[in-house]
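Hi,

Here is the structure I promised to pass on. Have a look at it first, and then read my notes below.

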Amino acid sequence: ALFLATRFPAATIFCLEPEASNYARLQLNLSLNAPKNIRCFRGALSTQPGRLKLSDDFKAGNDWGARFVEEQPGGDRQQHCQYVDAIEIWELLEKTGFDEVDFLKVDIEGAEARLLRDSRFLEFLRTKVRRVAIEVHEEFIKIDEATEILNSLDFKTSLVSEFVCGIKLSVKPEDKSQIKTT
């Protein structure tokens, strides 16, 4: 977020971070650097409102690698879980006041598969997003499937490391009014 805020000082950047220690680190970085164009909220991007369970059993238990899991009665390791509010994508637009999103970065440790297979999220991408970068975890969705989905929504795609990036062909390169990251 700080990189984008520096690179695009006229943009409004909205960060959504579900993991508690990452959110605290984000708040600390923002307090030390005092950017005026970044707003952040603790929560998780979802296709429906509610509460989500975040587990640290992904990526060797690192806080940067937490993932969302389904409730498992009786067998949960509660000490390794936290719960977070799910923010529905259309609600997020309302909270931010954005009509559209110029750049959406999705780095949600496997939950991208659920979003990319949800018709409401696809409608959001189709109608409201100009540029997108989605980190793909092939344990949950293959890069080819994510690429095909974005292509079907009229994004021209390319692969940059583990990110499938897309840009709508009608977008002009100099148009940088709003940026959103997750």
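Predicted model: local features only at pLDDT ≥ 70, side-chain atom pairs only at ≥ 80, totals over all residues.

Residues are numbered from 1 along each chain as its sequence is written, and side-chain values use heavy atoms, with hydrogens and water left out.

**Helix 2**

Helices here are DSSP runs of H or I with at least four residues, strands are runs of E with at least two, and both are numbered from the N terminus. Helix 2 covers residues 20–33, and its 14 residues should span 20 Å at 1.5 Å a residue (the expected span is 1.5 Å times one less than the number of residues).

Which residues of helix 2 are buried? They are N22, Y23, L26 and L30, where buried means under 20% relative accessible area, exposed over 50% and partly exposed in between (1.4 Å probe, protein chains only). Looking down the axis of helix 2, the buried residues fall within an arc of 100 degrees, so they line one face; the arc is taken from the directions from the helix axis to the C-beta atoms. On the face turned away from that buried side you'll find the exposed residues S31 and L32. The cover over the buried residues includes helix 1 (2–7), strand 1 (12–17) and strand 2 (38–42), with contact meaning heavy atoms within 4.5 Å. Just after helix 2, A34 takes a positive phi of about 50 degrees.

**Aromatic rings**

Rings of Phe, Tyr and Trp (its six-membered ring) pair if their centres lie within 6.5 Å; planes under 30 degrees apart are stacked, over 60 edge-to-face, and the rest tilted. That gives two aromatic pairs. W90 and F124 have ring centres 5.7 Å apart and planes at 90 degrees, so this pair is edge-to-face. W90 sits in helix 3 (residues 89–96) and F124 in helix 5 (residues 119–128), so the pair ties together parts 34 residues apart in sequence. W90 is partly exposed at 31% relative accessible area, whereas F124 is buried at 1%.

The rings of F121 and F124 have centres 5.9 Å apart and planes at 35 degrees, so that pair is tilted. Both residues lie in helix 5, three residues apart, about one turn of the helix. Ring pairs link W90, F121 and F124 into a cluster.

Cheers
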